[in-house]
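Please read these notes with the model open beside you.

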Amino acid sequence: MGENTQELADHGLCSHPRKLLSCSLFALFTLSLIYFIFYSSPSSFAPYADLFDQFKTQRATKNTSLPPPLAWLQCDYSNGKWVWDDSVTGPRYDSENCDMKSTEKCVVNGKPDKGYLHWRWQPAGCNLTALDPAGFLRLVQGKRLAFVGDSTARNQAEALVCYLSTVARPETAHRYEERLGRKFWRWVFPAPHGVSVSTYWSPLLVRAEGHSEDYAMTQEAVVLDALTEPWTADADAMDVVVVSAGHWFPRPAMYYEDGEVVGVYSRPDLNKTDIGYLGPYRKVLRRTLEYISANSTGDKLVAVATIAPGHFDPGRSWNHRDACSLTKPYEAVEAEVAAADAEMRKVVLEEVAAAAAAAGRRRRGVRFEALDVTRLATLRPDGHPGPYLFAHAYDRRPVPETVANDCLHWCAPGLVDTFNDILAKMIVAGG
């Protein structure tokens, strides 16, 4: 449109006084049309399943530019409280036959308190509807979803696949495991869905050697300027990317950049400058988002999850049977987001906002959003597997006082499904 306006000016079509009025009216109409197309707010306050047909119709005629950052946020999903839901009669899905890590199958493993299944997140200013698996598969038909990062990314991906499998059976298209767990998995929901869900193990998003690859080691060597494969090789092919990484950064580490040591974190044994972990976390996250933006040729949603804290009781050892034995959520006044978690959350929000602004200036088809789950996860000490890590391990005997615990990951089904409820809202907002 700018070129057309300049062409008219070059030919002098508006230079004659008689045509000045008609040209002014034309310009006013044009500016109004531009404003309507680019700045109209999206539809609001309707469940995403109900909006699917509406957005499907709009896809053929709407402008190809994505909505401005956070346009989907009709209310703040990150702020609210957990409420008991009497309408819940059981788990959303049966995890027993799902292709997920067995330690997350709390129902199968005999976690005695089932209350964690009945709590629903109630945002302060709106309602968050539960993801409808059939509607979700229609929404992302033909799309490739990717979860990149640490085991929290895998936790969320496996919960999503398990829930979707209640309406369509997925095929495991790729499976790559090592001693420390699942490095790369891909599930495919075949025709008519044509949907794939992949997980990419990259706990620091960049190349690292140490504890993340060998638990016998106590520190990391982190190369800040070397993003990892295979997720970088597949970045352009991804339609929806969930980046979830953070738990591995507050660990002793030595940082490299351009082949040189640039600092350390929590390494008093080395005569090197301690630069903390927040700076490296910010740098890695920024490079990740810049890489995705620069290497994407089509529309894409990039949702970066804020830290979802664990709940190891600081008054007990990690392997005490009551390390995370609470059976109900905290009230809002009972728990504040820890200072370290708040700082990491702030990094995500700032870097996502910067990436979104840069993409908007370049008119790129990549939409960056923050999947802000820190507050809602902080309030759920009851949502972890705890000592119930294996099928029916303590059916006929008490839990020993000293036992392995998982107070970091989430039971599935459970709180982790709320992450996917919010993700569905984000996807809908993109059209």
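1. A disulfide here is a pair of cysteine sulfur atoms within 2.5 Å. Cys-106 and Cys-411 meet that test, with their sulfur atoms 2.0 Å apart. The angle about their S-S bond is -85 degrees, and the link is left-handed. It ties together distant parts of the chain, 305 residues apart: Cys-106 sits in helix 4, Cys-411 in the loop between helix 10 (374-378) and helix 11 (416-430). Helices (H or I, at least four residues) and strands (E, at least two) are DSSP runs, numbered from the N terminus. Both Cys-106 and Cys-411 are buried. Buried means under 20% relative accessible area, with exposed over 50% and partly exposed in between, using a 1.4 Å probe and protein chains only.

2. On provenance: this is a predicted model, where local features need pLDDT of at least 70, side-chain atom pairs count only at pLDDT 80 or more, and totals for chains, interfaces and linings use all residues. Residues are numbered from 1 along each chain as its sequence is written, and side-chain values use heavy atoms, leaving out hydrogens and water.

3. How many disulfides does the structure hold? The count is three. One of them joins Cys-98 to Cys-162, S to S 1.8 Å. The torsion about the S-S bond of Cys-98 and Cys-162 is about 80 degrees, so this disulfide is right-handed. The pair links distant parts of the chain, 64 residues apart. Cys-98 lies in the loop between strand 1 (80-84) and helix 4 (106-109), and Cys-162 lies in helix 6 (residues 151-164). Cys-98 and Cys-162 are both buried.

4. Cys-324 and Cys-407 also form a disulfide, with sulfur atoms 2.1 Å apart. The torsion about the S-S bond of Cys-324 and Cys-407 is about -80 degrees, so the link is left-handed. Distant parts of the chain are again joined, 83 residues apart. Cys-324 is in the loop between strand 12 (300-305) and helix 9 (339-362); Cys-407 is in the loop between helix 10 and helix 11. Cys-324 and Cys-407 are buried.

5. Now the helix pair. The axes of helix 6 and helix 11 come within 9 Å and cross at roughly 80 degrees. Helix 6 is therefore roughly perpendicular to helix 11. That label covers 65 to 115 degrees; under 35 counts as roughly parallel, over 145 as roughly antiparallel and the rest as oblique. Axes are lines fitted to C-alpha atoms, for helices over the stretch in contact, and angles run from 0 to 180 degrees between N-to-C directions.

6. Which residues make this contact? Helix 6 supplies Asn-155, Gln-156, Ala-159 and Leu-160, and helix 11 supplies Val-416, Asp-417, Phe-419, Asn-420 and Leu-423. Contact means heavy atoms within 4.5 Å.

7. Tyr-281 lies in helix 8 (residues 278-294). Is Tyr-281 buried or exposed? Its relative accessibility is 3%, so Tyr-281 counts as buried. Tyr-281 touches Ala-245, Gly-246, Phe-249, Met-344, Val-347 and Val-348, not counting residues up to four places away in sequence. Tyr-281 and Ala-245 are 36 residues apart in sequence and 9.2 Å apart in space, C-alpha to C-alpha.

8. Overall, the protein has eleven helices and 13 strands. Buried residues make up 48% of its 431 residues. Of the contacts with a separation of 6 or more, 75% are between residues 24 or more positions apart.
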